[in-house]
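Below is a short briefing on how the chains of one model touch each other. Look at the structure first, then read the points by topic.

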Amino acid sequence: MAFPRLNMLSYWSFFLGGVTMLVSFFVPGGSAQSGWTSYAPLAVIASTGQTVWLFGMVFLITSSLLGAINFIATTIQLRAKGLTFMRFPFFVWAQFVTAFLLLLAFPPLEAAAFMQLMDRLAGTSFFLPSGLVVSGQVLTNAGGGNPLLWQHLFWFLAHPEVYVLILPAMGIVAEIIANNTRKPLWGYRSMVYSLIFLGFMSFIVWAHHMFMTGMGTAMAAFFQTTTMIISIPSVVILTALIISLWGGSIRFNTPMLFACGFLPMFGIGGLTGLPLGLNVTDIPLHDTYYVIAHFHYVVAPGTIFALFAGIYYWYPKATGRKMSETLGKIHFAGSFVCMNVVFMPMFIMGLAGVSRRLYDGGAGYAFAQPVLHWNIVSSWGAWALGLFQLPFIFNFFWSIWKGEKAEDNAWQATTIEWAAAPSPPPHGNFHVAPEAYRGPYEYSVPGAARDFVPQCEA
Amino acid sequence: MEIPYTVEIRRDTGLTNGKIGIWLFLASEVMLFGALFASYILIRTGAPVWPRGDTILNVPLATFNTIVLISSSVTMVMAWASLKRNRFGTFRMYMGATILLGATFLVVKYFEYSHKFELGLFPSTSNFLALYFTLTGLHMLHVIGGMAVNAYFWGPGAKLWKTNPEWFTNRVEHSGLFWHFVDLVWIFLFPTLYLL
Amino acid sequence: MTSEHAVDHHDVDIDKHVRIYVTVFVALMALTIITVAISRLHLPVHIAVSIALLVALIKGSLVACYFMHLISEKKLIYAVLGLTAAFFAALLALPALTTSNGFWIH
């Protein structure tokens, strides 16, 4: 990395943030209870745990900011000789754009967290409106604050944040698909331009999380429009990944199973986001189970599947051994089915109007009665999903000692980390500094000796 | 393995790692203070009445502070220029002046704040004061941070001049960029809070 | 305290720069006096804001361009800052546009 000490600072800041968050469970009043969105005024009047949460966020945001600076500087300045931007593996592009999202979107939340701390600790009223009644008493704060200010500052980060969650995942899936189809990615250039466009647009869509706050039709139309536009690059990337499968010599190993599983799941997640991004259809769907289903589809069988894929894929690089294929396939099959059992019914519940964040899952509402049984289906699915993670956890640790030994380039991959670094890598990663001579996905090149030509092979 | 482009520039970007690093950091700081200014706009436009800055705050004192901070920006860039001219002694003098001017800024702020507290004016008193204390408070934290880094380069960090003067000069330049940014924020904060 | 690897071939360049720094300093002082003086006229809020913002922008630009050497920086830095400026503008303008007291457009 360009800044090794900054890297370390970033890690320890993250560690401190994590510890702080965990400590919050043990303070009087318990941990933060105002949702990940920490909306004012609830979060302002909540118990001590919320203050601890806010401090935790400051540490975590700082960690991300320092990391982002490091990733961007390193990618630009320290890439291997011959590694031009358009020769980057798609994963590198994904991380690069993600770093910019973190760099520019997180600070407003840091400012907002600071202001919420001021509200909680110094008695200010940044987010407290006048005349707020709490437990029958009118608050004596100065008032005049704006709860919507919190929402704007929060969502300014939180929307780019969801792209922070999905972009690296898309990067991982792209690498694994290219490797296991033994052919280059289809539409690499379009995918890269889409990434950049997506990153840019992600900064100007945030108020689609606030359609119900009375912003007026002009601004609602603005945010609806930018939201519809941002779906285009997403679709381009997903389509390119799917087309990349066509005509491939597909190897269905565990990483590839998860990578392929990602595709339809992210498709469902993305498509179900459309009625949420259109302000009229959002009216009946906002804050219902439909929203929960939508974002879980993109993050759970979406991002998390990509992360599983990445773990199975890069495990041999990090440890020199492969994880068990059998256990991996059980993990995949069980997880894929159960994810759908858990989250598909939530679309039905949401369309029926069941709100999210109800302590009784909707049991208190007459209109929810016909769909209540889906709660039970989801719950069974959740327990089963949990059980199917056990083979993965066992596999992860068991394989460290007993896994099948892997060669340095365990997957016969073209990218530099596979072709030039030992598995596991020594200090400094490479014995000799690698140089790039070609693109990242030279698979099945006619006339070549093997079905892949590494990027760094002279 | 030495990390390349720490001192010499990479030809295609024309930059050192540190130069990119500090500008990326400053970009994030622009967004941080941007959020605070956005908050100011939203809260002020949403308020039925809003006091004019000079009815509550001490404009002459803040004007003095503005001059102090701008002067410290000049001494900072002169400190770097002295290193480029190979005059370490002069660098020491200008950097020392920068730190002293920063300290002056802080002392004035101390008097400003304590006077407010004496009058019973706290962040919780009104949104005007909440914004005033929060914005100048966060700015002040940045002044302190900048001063700490400058003090390091004036003191223990100056050892680097003997072994790698180019790297030292670059690091002073980067530290200067942060300091100028702190000055730049004040250039906008001062009229916003005190004059409008 | 001088060292063998000391950089001294920029001396001529630096002299020119130092002259610029002094000029900018004088300009900044003048603009500070001006902005405080104008504020004492107690102009209507909208006009006062516009003028104060304009002066601040000029002062800020001087600091950025000359003290921070932005006027002769590399394209990459301009690109990063351009992006930042766009998002900064969005952050300041869009929330205000959504409130009825802000810059309401229906």
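The contact between chain B and chain C takes 45 residues from chain B and 45 residues from chain C, two residues being in contact if their C-beta atoms, placed from the backbone, lie within 7 Å. This is a predicted model, in which local features need pLDDT of at least 70 and side-chain atom pairs count only at pLDDT 80 or more, while totals for chains, interfaces and linings use all residues. Residues are numbered from 1 along each chain as its sequence is written, and chains are lettered from A and ligands numbered from 1 in the order in which they are written.

**Chain B side facing chain C**
- α1, α3 (59-84), α4 (88-118) and α7 (165-195) of chain B each supply at least two residues; helices are DSSP runs (H or I, at least four residues), numbered from the N terminus.
- α1(B) provides the largest share, 12 residues.

**α1(B) against α3(C)**
- Helix α1 (residues 17-45) of chain B packs on helix α3 (residues 75-97) of chain C at an angle of about 15°, with the axes 9 Å apart; axes are lines fitted to C-alpha atoms over the stretch in contact, and angles run from 0 to 180 degrees between N-to-C directions.
- α1(B) and α3(C) are therefore roughly parallel (angles under 35 degrees).
- Residues making this contact include B:W23, B:G34 and B:T45 of α1(B), and C:I77, C:F87 and C:P95 of α3(C).

**Chain A with chain B**
- This contact takes 32 residues from chain A and 31 residues from chain B.
- α4(A) gives the most to the chain A side, with 10 residues.

Conventions: Angles under 35 degrees count as roughly parallel, over 145 as roughly antiparallel, 65 to 115 as roughly perpendicular and the rest as oblique.
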